[in-house]
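Me: Could you walk me through this one slowly? I am new to reading structures.

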Amino acid sequence: YWNPQDFNLLMIQGALVSGTAPKIGWDVEMTPVSFTSDFIVNLTQRLPLALGKIFHLINCNPLKSQSVC
């Protein structure tokens, strides 16, 4: 599932529809599902640490954009 108003999704859709892509050096943050699922499983095993809290999981090492010639 992806938020239908997500900026990244809209940019990808726009590039696909127009057949072009912006020439911008963006770093892309993609958190691996294995990390996220391990985190969720660990929290369910230690519920007192998680109750009433919100967690934002991000990859601290985003993919670096490639130079486009």
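**Aromatic rings and the chain around them**

Reply: A search of the whole structure finds 2 aromatic pairs, where the rings of Phe, Tyr and Trp (its six-membered ring) pair if their centres lie within 6.5 Å, and planes under 30 degrees apart count as stacked, over 60 as edge-to-face and the rest as tilted.

Me: How are the rings of phenylalanine 39 and phenylalanine 55 arranged, then?

Reply: Their centres are 5.3 Å apart and their planes stand at 70°, so phenylalanine 39 and phenylalanine 55 form an edge-to-face pair. The pair links distant parts of the chain, 16 residues apart, with phenylalanine 39 in helix H2 (residues 33-45) and phenylalanine 55 in the segment after helix H3 (47-50). Ring pairs also join Phe35 with Phe39 and Phe55 in a cluster.

Me: Before I go on, what sort of model is this?

Reply: This is a predicted model, in which local features need pLDDT of at least 70 and side-chain atom pairs count only at pLDDT 80 or more, while totals for chains, interfaces and linings use all residues. Residues are numbered from 1 along each chain as its sequence is written, and side-chain values use heavy atoms, with hydrogens and water left out.

Me: OK, how many helices and strands does the protein chain have?

Reply: The protein chain has 3 helices and 0 strands, where helices (H or I, at least four residues) and strands (E, at least two) are DSSP runs, numbered from the N terminus. The radius of gyration of the protein chain is 17 Å, well over the 11 Å that the globule rule gives for 69 residues, so the chain is more spread out than a compact globule. That radius is taken over C-alpha atoms, and the rule is 2.2 Å times the number of residues to the power 0.38.

Me: And what does the C-alpha trace span?

Reply: Along its principal axes, the C-alpha trace of the protein chain spans about 50 × 25 × 15 Å.

Me: What share of the residues counts as buried?

Reply: Of the 69 residues in the protein chain, 4% count as buried, which means under 20% relative accessible area, with exposed over 50% and partly exposed in between (1.4 Å probe, protein chains only). Phenylalanine 39 is partly exposed at 23%, and phenylalanine 55 is partly exposed at 37%.

Me: New topic: what does serine 65 touch?

Reply: Leaving out residues up to four places away in sequence, serine 65 touches Gly25, Trp26 and Asp27, and contact means heavy atoms within 4.5 Å. Serine 65 and glycine 25 are 40 residues apart in sequence, yet 5.5 Å apart in space, C-alpha to C-alpha.
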